[in-house]
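Please work through each task before reading its solution.

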Amino acid sequence: MKIKKYEGPEIDLPRLMLQVKHDLGDDALIKKQTYKKGGLLGIGGTRWVRIYASVEEKPTTNGEDRTSAEKKMNFDPPRRFTTDELKVESPLMISIDDSPAIKTIMEELKTLRHAVDDIKRKEDRKESEKEKEEAVNILDKPLPGWFEYLRKLLEKNGMSRETARSLAEGVIEITPAAERDDFDRIKERFVEYMLSLIVKERDMSAEEADEKRVIILIGPTGVGKTTTLAKLAANFALLEEKSVSLITADTYRIAAIDQLRTFAQIINLPLDVVFSPFELKKAVNSQVDKDVVLVDTAGRSPLDEEKMTELAELLKEEIGAEVHLVLSATTKTVDLKAISKRFKSAGYDHLILSKIDETVTYGPLIEFLLDEEIPLSYLTNGQNVPDDIIFASERDLIELIAKRSLEGAK
Ligand SMILES: Nc1nc2c(ncn2[C@@H]2O[C@H](COP(=O)(O)OP(=O)(O)OP(=O)(O)O)[C@@H](O)[C@H]2O)c(=O)[nH]1
Ligand SMILES: [Mg+2]
């Protein structure tokens, strides 16, 4: 049997078959194998074909040798195909992007990448939700013993959850182990802690040196500026026996002027009514003989507020006046912060908290004071003139607020 092997690119198969037929005739038996050649990792490349062709050899009759018999059959010895004959597009020349297989794989990779990104995003979301949950859980986690009670008390008194917790945690740190079972001691530690956090070094030089003081009250409408001014005037004049004069820049309502005029007449104090910054400066300067000059302002509209803020700034700069911002203790922490910010440009250097008798929750005040840089000068606690004002050091005023923030809403 005669067997021959042919090999070439699959697209050349017809030509190979012709070759077989030519070489071995129509009776040749054929076995065909296809395989891939070239490409990368099974991608790309060209399909090749290998053909084994066999034919029964006819016996030679005249003893001619095999070669001559072959010659008779016009048999060409197997030969290698020339490079040109086998030339097909080189796998390397196939544009990878154009190949359908590559396209499919790329599409699949893209889908896979999206799926992975999706999973990652979901994992990240889960992670951040977990972190949030943990933060909430931390806020919920009870503190040891009485400190948990302290935290709850502060919250009940209007303090935010975060502040109540962080203050109670601060108290834990300064409370020695031996005192931790005694709630009275813990309350004392809390007050001590508040004093250490809030009290500022107040400039008492003018008060101590008994120098002439010019005090201007500013603040939003209805917080008690005029009433507080009257309380201050009565205390300075009647209790401290100082020479006092009053000036009002609140000319918005006749009633406002009358309010102060009536009071001035009752306790026999001079009152100037001024309509411009110029008049105000003149009036203040004309009171050089007085120990205390008290200036009332109006804050009925944002425009008034702006005008009065400018006035206060002017007096502070030119005369060295003390600017006291009056805020009502009944205001929410967030509003207290917003109002104090609004009045910052007046350069206020003291804070008065009015109407502390009208609130039972002192938590918001503590929260505000923790954030405020300016020291407290007075607290007012009622409508009665002159009694309902608390004259005390800032330390004592803060102590009072801190103690009440543990007593208010039980
Ligand atoms: N409960 C209580 N009421 C107060 C206190 N201080 C003032 N008031 C009352 O608050 C109201 C307004 O007081 P005013 O002194 O007129 O307030 P104001 O800031 O001068 O008001 P405007 O001049 O209109 O901006 C009055 O009814 C006062 O009696 C206080 O400490 N406690
Ligand atoms: Mg007033």
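**Exercise 1: Contacts and fold**

Determine what share of the contacts between residues at least 6 apart in sequence join residues at least 24 apart.

Solution. Two residues are in contact if their C-beta atoms, placed from the backbone, lie within 7 Å. Among contacts in the protein between residues at least 6 apart in sequence, 73% join residues at least 24 apart. The model is predicted: local features need pLDDT of at least 70, side-chain atom pairs count only at pLDDT 80 or more, and totals for chains, interfaces and linings use all residues. Residues are numbered from 1 along each chain as its sequence is written, while chains are lettered from A and ligands numbered from 1 in the order in which they are written.

**Exercise 2: The largest nonpolar core**

Identify which members of the largest nonpolar core touch the most other members.

Solution. Such a core is a set of buried Ala, Val, Leu, Ile, Met, Phe, Trp, Tyr and Cys residues joined through C-beta atoms within 7 Å; buried denotes 20 or more other C-beta atoms within 10 Å of a residue's own. Of its 74 residues, Ile216, Ile218, Ala233, Leu294 and Val295 touch the most other members. Helix 9 (residues 225-239; helices are DSSP runs of H or I, at least four residues) gives the most to this core, with six residues. Beyond four places in sequence, Leu294 contacts Ile215, Leu229, Leu232, Ala233, Val244 and Leu246.

**Exercise 3: The ligand shell**

State which residues are closest to ligand 1.

Solution. The shell (C-beta atom within 6 Å of the ligand) holds 21 residues, the closest being Gly224, Lys225, Thr226, Thr227 and Thr380. Helix 9 gives the most to this shell, with three residues.

Methods. A residue is buried if 20 or more other C-beta atoms lie within 10 Å of its own, exposed if 12 or fewer, and partly exposed in between; C-beta atoms are placed from the backbone. Helices (H or I, at least four residues) and strands (E, at least two) are DSSP runs, numbered from the N terminus.
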